[in-house]
Amino acid sequence: MHFAFQTARSRPRKKLTMVTKSNAQRHGMVLWDKVFYNVAKEYPDVEIDKMLVDAMTVRMVLHPTSLDTIVATNLHADILSDLAAALSGSIGIAPSSNLDPTRKNPSMFEPIHGSAPDIAGKGIANPVGAFWSAAEMVQWLGEDRAADTLMKAIENVTKAGVKTKDLGGSENTKRVTEAVCQEIENLVGAQ
């Protein structure tokens with residue numbers, strides 16, 4: 001919870017929405033809520049609100065701009081992140097960071113869709129989620145410039161229309177990957 005509040009505090013809106021299901025899960029989720037409100041006392045500058053997970057899906061669809069930083073359990077966040085990716089255009093573009101805020105243990109970075117074995121080897125997977133996850137990883141490691149370059153490459157390639165079919169494009173995984181790699185070279189060469 002402290003990490004969620006610190007993240008919210010670092011963002012311009014300073015707003016944190018806690019996702020719960022304490023109305024139906026009367027033990028663990030009630031504790032989750034209690035911890036949230038106790039920690040909130042230490043961050044009076046952060047605006048807070050609470051949403052039940054089912055109502056949160058509606059809010060994400062109808063009022064996405066009302067949200068900024070969200071804290072949820074792994075179960076709820078896994079579902080909501082897939083929804084957020086779909087609302088953005090495709091599950092193939094969304095990154096995931098499983099962070100250890102203490103930095104005592106490794107953190108894990110992967111696209112939210114995971115390994116997608118059902119489409120492995122078919123050339124249809126969108127590599128953007130993997131690239132974006134890599135950008136989050138190098139940023140976590142303190143390499144902000146490298147992360148910014150990778151994100152700019154992704155943006156430039158996508159804007160140029162080099163996209164996989166899930167985003168309405170006609171390219172395959174390899175072609176999008178090659179285009180992003182080439183754009184990284186172009187950006188680094190221009191620096």
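Mentor: Begin with one pair of residues. In strand S2, Ile48 is the bridge partner of Leu16. Keep in mind throughout that this is a predicted model.

Trainee: How many bridges join S1 to S2, and do these strands run parallel or antiparallel?

Mentor: Six bridges join S1 to S2, and the two strands run parallel. To get from S1 to S2 the chain passes through helix H2, and this β-α-β crossover is right-handed.

Trainee: What is the order of the strands in the sheet?

Mentor: The order is S2-S1-S3, in an open sheet of three strands with parallel pairing. Strand S2 (47–52) and strand S3 (69–71) are the edge strands, each pairing on one side only. From one strand to the next, the twist averages 25 degrees.

Trainee: How many bridges join S1 to S3?

Mentor: Three bridges join strand S1 (residues 15–20) to S3, and these strands run parallel. Opposite Thr17 stands Ile70 in S3.

Trainee: Which strands does helix H2 lie across?

Mentor: Helix H2 (residues 28–40) lies across S1, S2 and S3. Its direction is at about 165 degrees to S1.

Trainee: Now the helices. What describes two packed helices?

Mentor: The angle between the axes and the distance between the axes describe such a pair. Take helix H3 (residues 53–62) and helix H4 (residues 74–88), which pack at an angle of about 15 degrees with their axes 10 Å apart. H3 and H4 are therefore roughly parallel to each other, since angles under 35 degrees count as roughly parallel. The crossing in which H3 passes H4 is right-handed.

Trainee: Which residues of H3 and H4 meet?

Mentor: From H3 come Val53, Met56, Thr57, Met60 and Val61; from H4 come His76, Leu80, Leu83, Ala84 and Leu87. The residues of this contact divide into eight nonpolar, two polar and no charged.

Trainee: At what angle do the axes of H5 and H6 cross?

Mentor: The axes of helix H5 (residues 128–140) and H6 cross at roughly 165 degrees and come within 7 Å. That makes H5 roughly antiparallel to H6. The crossing of H5 and H6 is left-handed. In H5 the contact residues include Phe131, Trp132 and Val138, while those in H6 include Leu150, Met151 and Ile154. The contact of H5 with H6 divides into 11 nonpolar residues, one polar and one charged.

Trainee: Why is H6 oblique to H7?

Mentor: The axes of helix H6 (residues 144–159) and helix H7 (residues 173–190) cross at roughly 120 degrees and come within 9 Å. That angle makes H6 oblique to H7, because 65 to 115 degrees counts as roughly perpendicular and over 145 as roughly antiparallel. The crossing of H6 and H7 is right-handed. Among the H6 residues in contact are Lys152, Ala153 and Val157, and among those of H7 are Glu183, Ile184 and Leu187. The contact of H6 with H7 has nine nonpolar residues, two polar and two charged.

Trainee: How many helices and strands does the protein have?

Mentor: The secondary structure comes to seven helices and five strands. From the N terminus on, the elements run α-β-α-β-α-β-α-β-β-α-α-α. The C-alpha trace spans about 50 × 35 × 30 Å along its principal axes.

Note on methods. Residues are numbered from 1 along each chain as its sequence is written. This is a predicted model: local features need pLDDT of at least 70, side-chain atom pairs count only at pLDDT 80 or more; totals for chains, interfaces and linings use all residues. Side-chain values use heavy atoms; hydrogens and water are left out. Axes are lines fitted to C-alpha atoms, for helices over the stretch in contact, and angles run from 0 to 180 degrees between N-to-C directions. Helices (H or I, at least four residues) and strands (E, at least two) are DSSP runs, numbered from the N terminus. A crossing is left-handed if the near helix is turned anticlockwise from the far one by less than a right angle, and right-handed if clockwise. Contact means heavy atoms within 4.5 Å. Ala, Val, Leu, Ile, Met, Phe, Trp, Tyr, Cys and Pro count as nonpolar, Asp, Glu, Lys and Arg as charged, and the others, Gly among them, as polar. Two strands pair if DSSP finds at least two bridges between them. A crossover is right-handed if, with the strands pointing away from the viewer, the path from the first strand over the helix to the second runs clockwise.
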